[in-house]
Amino acid sequence: MKNRIVADIHTHTLASGHAYGTIREMAQAASERKLALLGISEHGPGIPGTVHPIYFHNLSVAPKELYGVQIIHGCEINMLKDGELSLGERYMERLDYAIVGVHQLCYQNQGIKINTDNLIKCMQHSKISFVSHPDDGEIPFDYERLVAAAKEYHVALELNNSSLRKKDHRLNCVENLKTMLGLCMEMRAPIIVNTDAHDPLAVGDFTLAEAFLDEIGFDESLVLNTSAEAVKQFISEGKASGFI
């Protein structure tokens, strides 16, 4: 990529229950990688070991800048059966931003049509700005409908560096990403590139994702997080954010 990615907004700390860094350790790593913006997005209810929702209720006291890096605080909220979200409204309103994620611990495959219907329903929520790693064919989606809905509802789909690292364990991951990203270019739908870091060493390491975008000739103008301001503006313009 010609333009450097300067924001990583899908990351997890110790609080998520299966990650290995503190907020300060993650921020220090982000500073060393010369990121301008770091998003801490702990897992929402449904993932074993994650925080109690009261964690999100108290985010007003969480640090907003560390080591010269701006910090925003969100949640990777689980999609549940019937397209419901796993975090209550009273907690969601305290978030700077929200990501909806599909995890097999919380959601069982209901077929491509219903899966897509449910995710599109989640995308319509006023707080959801991003969809994490919609690339695992174990829970398939109709990407043409998904990309069209993402553009309509002002949501960015994610290219997840961790998915590419674990691609052999995610059904048809590479083929699904090529399909999804090709449709994003066709429909001019922006994307977000994140690490899904669960340890400070992974923060800001977009190596696999950047190589993948180069390989498929992706239009870099559609990558939101080559600018921290573009990420914040995207959240602010379309959704009910807490930090702008």
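This is a predicted model: local features need pLDDT of at least 70, side-chain atom pairs count only at pLDDT 80 or more; totals for chains, interfaces and linings use all residues.
Contact here means heavy atoms within 4.5 Å.

View 1. Residues are numbered from 1 along each chain as its sequence is written, and side-chain values use heavy atoms, with hydrogens and water left out. Leaving aside residues up to four places away in sequence, Ile47 touches His18, Asn78, His103, Leu105 and Cys106. The C-alpha atoms of Ile47 and Leu105 are separated by 6.7 Å, although the two are 58 residues apart along the chain. With 8% relative accessibility, Ile47 counts as buried (under 20% relative accessible area, with a 1.4 Å probe and protein chains only).

**View 2. Helix α5 against helix α7.** Helix α5 (residues 143-152) packs on helix α7 (residues 173-187) at an angle of about 45 degrees, and their axes are 9 Å apart. Axes are lines fitted to C-alpha atoms, for helices over the stretch in contact, and angles run from 0 to 180 degrees between N-to-C directions.

**View 3. Side chains where α5 and α7 meet.** From α5 come Tyr143, Glu144, Val147, Ala148 and Lys151, which meet Asn176, Thr179, Met180, Leu183, Cys184 and Met187 in α7.

**View 4. The chain around these close-ups.** Along its principal axes, the C-alpha trace of the chain spans about 40 × 40 × 35 Å. Buried residues make up 55% of the 244 residues in the chain.

Definitions and conventions. Helices (H or I, at least four residues) and strands (E, at least two) are DSSP runs, numbered from the N terminus. Buried means under 20% relative accessible area, exposed over 50%, partly exposed in between (1.4 Å probe, protein chains only).
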